[in-house]
Amino acid sequence: MEDLSHMTQHYSEMTSKFQIDQDIVNSVVAQVQKWTAKGIKTYFFWSCFYGPVCEEEKKILTEEIKNTLVRRLQGAGAIFLNIPGTYTTFDGDHLGSLEALRFSKNLKEALIKN
């Protein structure tokens, strides 16, 4: 497997400066409310595929923040999909064709359940 340590460093640098923009969150929640009012279903899920990058993301997307975002989006009418599994990337961020097919299958199954 390719050395992906540069991805971890990249994400570490990004997360050290990152803050969640509440205006963007509010805008997304408002849009989900509009879609829901029109009968349009909105789905969301968390995705992180490369372990060290996921650890960096956890620095900004703590469980508390994730739970708050889930509550707000679900309160607006969005449906959370739990996509099981871990996936191998070719660059620390993107799935190769076989993993993308596996992910798509899991996504399909989650959509069918909801």
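Q: What order do the elements of the protein chain run in, from the N terminus on?
A: They run α-α-β-α-α-β-α, with five helices and two strands in the protein chain. Helices (H or I, at least four residues) and strands (E, at least two) are DSSP runs, numbered from the N terminus. This is a predicted model, in which local features need pLDDT of at least 70 and side-chain atom pairs count only at pLDDT 80 or more, while totals for chains, interfaces and linings use all residues. Residues are numbered from 1 along each chain as its sequence is written, and side-chain values use heavy atoms, with hydrogens and water left out.

Q: How do you know that the span of helix α4 agrees with what it should be?
A: The expected span of a helix is 1.5 Å times one less than its number of residues. Helix α4 (residues 63-75) has 13 residues, so it should span 18 Å. Its end C-alpha atoms are 18 Å apart, which agrees.

Q: Why is Val70 called buried?
A: Buried means under 20% relative accessible area, exposed over 50%, and partly exposed in between (1.4 Å probe, protein chains only). Val70 has a relative accessible area of 14%, so it is buried. This residue is found in helix α4, where Lys66, Leu69 and Leu73 are buried too.

Q: What makes the buried residues of α4 line one face of the helix?
A: Seen down the axis of α4, they fall within an arc of 100°, so they line one face. The arc is that of the directions from the helix axis to the C-beta atoms. On the other side of α4, Glu64, Arg71 and Gly75 are exposed.

Q: What covers the buried residues of α4?
A: The cover includes α2 (22-37), β1 (43-44) and β2 (79-80). For Val70, leaving aside its neighbours within four places in sequence, the contacts (heavy atoms within 4.5 Å) are with Phe44, Trp46 and Phe80. Val70 and Phe80 are 10 residues apart in sequence, and their C-alpha atoms are 7.2 Å apart in space.

Q: Which residues make up the largest nonpolar core?
A: A nonpolar core is a set of buried Ala, Val, Leu, Ile, Met, Phe, Trp, Tyr and Cys residues joined through side-chain atoms within 4.5 Å. The largest has nine residues: Val25, Val29, Val32, Phe44, Leu69, Val70, Leu73, Ala76 and Ala78. The elements that give two or more residues to this core are α2 and α4. Apart from it lies another core, of six residues, among them Ile83, Tyr87, Phe103 and Ala110.

Q: Which residues is Ala78 in contact with, leaving aside its neighbours within four places in sequence?
A: Ala78 is in contact with Val32, Thr42, Phe44 and Leu73.

Q: What makes the pair Glu99 and Arg102 a salt bridge?
A: A salt bridge is a side-chain nitrogen of Lys or Arg within 4 Å of a carboxyl oxygen of Asp or Glu. The closest N and O atoms of Glu99 and Arg102 are 3.0 Å apart, and the pair forms a salt bridge. Both residues lie in helix α5 (residues 97-113), three residues apart, about one turn of the helix. At 17% relative accessibility, Glu99 counts as buried, whereas Arg102, at 32%, counts as partly exposed.

Q: How many salt bridges are there by this rule?
A: The count comes to two. Besides the pair above, the side chains of Lys105 and Glu109 meet in a salt bridge (3.5 Å, N to O). Being four residues apart in helix α5, Lys105 and Glu109 are separated by about one helical turn.

Q: Why is Pro84 called partly exposed?
A: Its relative accessible area is 46%, so Pro84 is partly exposed. Pro84 is found in the loop between β2 and α5, and its C-alpha atom is separated by 7.0 Å from that of Asn106, 22 residues apart along the chain.
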